[in-house]
Amino acid sequence: MFLRIDRLQIELPMPKEQDPNAAAAVQALLGGRFGEMSTLMNYMYQSFNFRGKKALKPYYDLIANIATEELGHIELVAATINSLLAKNPGKDLEEGVDPASTPLGFAKDVRNAAHFIAGGANSLVMGAMGEHWNGEYVFTSGNLILDLLHNFFLEVAARTHKLRVYEMTDNPVAREMIGYLLVRGGVHAAAYGKALESLTGVEMTKMLPIPKIDNSKIPEAKKYMDLGFHRNLYRFSPEDYRDLGLIWKGASPEDGTEVVVVDGPPTGGPVFDAGHDAAEFAPEFHPGELYEIAKKLYEKAK
Ligand SMILES: [Mn+2]
């Protein structure tokens with residue numbers, strides 16, 4: 001089962017202006033073939049299906065715990081997309097938008113009009129071309145070495161896509177998220193590499209990084225490396241998954257420093273709220289009425 005903390009894994013900068021085409025590119029990192037939905041669901045189902053949960057506990061703990069971190073990654077990428085699509089984040093209620101004035105006229109010319117038609121200017125579970133995320137992206141073979149090898153490949157493919165999206169947009173919200181997830185993906189690739197090394201003797205982490213550019217060359221990733229995030233594997237459970245430290249030990253392939261298991265999640269930052277968008281009827285055309293009902297609910301509870 002899962003506990004939930006109402007925070008993002010990092011503090012995202014507030015968006016300065018709408019950037020719908022950057023949001024469309026960033027969708028690749030959420031619901032594309034190598035997006036966070038895929039890392040989440042691959043590790044989640046591999047943990048459900050894991051055979052020998054006691055005998056092979058360090059490997060089970062590693063996969064199950066990384067799956068939990070990935071839940072926070074889909075949350076972070078969705079928050080980034082919502083930031084890029086938001087018209088009025090942090091602003092007062094907007095009233096009196098005339099639907100006849102074509103207030104969403106701009107959205108017919110953006111890369112992904114579905115954001116504004118289906119999502120109400122919010123993230124959707126799709127890739128960069130609006131293709132919906134698909135369960136066929138999940139590989140869960142029942143064979144531990146094969147699954148770990150797949151996960152190593154999945155992490156470096158995801159890294160490749162992150163770097164390409166980074167090269168497409170200089171939007172500071174997108175780049176903050178990508179910098180952080182490059183570092184976290186580096187940890188996960190290294191963790192699966194170390195797991196394979198312990199099982200096979202093959203020095204997988206010598207292949208890293210793929211592509212052959214260090215995270216330290218990306219300023220937004222270097223910021224998190226300077227804070228040591230590339231060494232940390234967070235244990236996302238009050239009591240469980242403690243044996244992952246039998247695999248997550250030794251040198252970081254990023255810089256040779258000693259890696260460490262951190263008990264508990266990162267401090268993180270506040271969740272994002274896109275506020276009211278009258279043209280999208282989100283959360284309503286006149287949200288004041290809904291807010292009044294919610295207020296009465298609080299008053300009754302007193
Ligand atoms: Mn991830």
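Over which ring does the charged end of R175 sit, and at what distance from its centre?

Tutor: The ring is that of Y166, and the charged end of R175 sits over it at 3.8 Å from the centre (a charge counts as over a ring if Lys NZ or Arg CZ is within 6 Å of the ring centre and within 35 degrees of the ring normal). The model is predicted, so local features need pLDDT of at least 70 and side-chain atom pairs 80 or more, while totals for chains, interfaces and linings use all residues. Numbering starts from 1 along each chain as its sequence is written, and side-chain values use heavy atoms, without hydrogens or water.

Searching the whole structure gives 13 aromatic pairs (Phe, Tyr or six-membered Trp rings with centres within 6.5 Å; planes under 30 degrees apart are stacked, over 60 edge-to-face, the rest tilted). One of them joins F106 and F116 in an edge-to-face arrangement, with 5.1 Å between centres and 80° between the planes. F106 belongs to the loop between α4 and α5 (114-117), whereas F116 is in helix α5, so this pair ties together parts 10 residues apart in sequence (helices are DSSP runs of H or I, at least four residues, strands runs of E, at least two, numbered from the N terminus). F106 is partly exposed at 31% relative accessible area, but F116 is buried at 3% (buried is under 20%, exposed over 50%, partly exposed in between, with a 1.4 Å probe and protein chains only). A single aromatic cluster is formed by Y180, Y224, F229, Y234 and F236.

Next come the annotated positions. UniProt, in an unreviewed entry, lists E70, E155 and H188 under "binding site" (positions follow the numbering used here, feature names are shortened, and annotations may be inferred rather than shown by experiment). These positions spread over 119 residues of sequence, yet they cluster in space, with a largest C-alpha distance of 11.6 Å. E155 is part of helix α6 (residues 144-168) and is buried, at 3% relative accessible area. Beyond its neighbours within four places in sequence, E155 is in contact with T39, Y43, E70, G185, H188, A189 and Y192 (heavy atoms within 4.5 Å). H188 sits in helix α7 (residues 172-200) and is buried too, with 0% relative accessibility. With neighbours within four places again left aside, the contacts of H188 are I66, E69, E70, H73, E155 and L233.

D61 is in helix α4 (residues 57-85) and is buried at 1% relative accessible area. Apart from neighbours within four places in sequence, D61 touches Y241, R242, D243 and L244 as contacts. S237 lies in the loop between β1 (232-235) and β2 (260-263), and at 13% relative accessible area S237 is buried.
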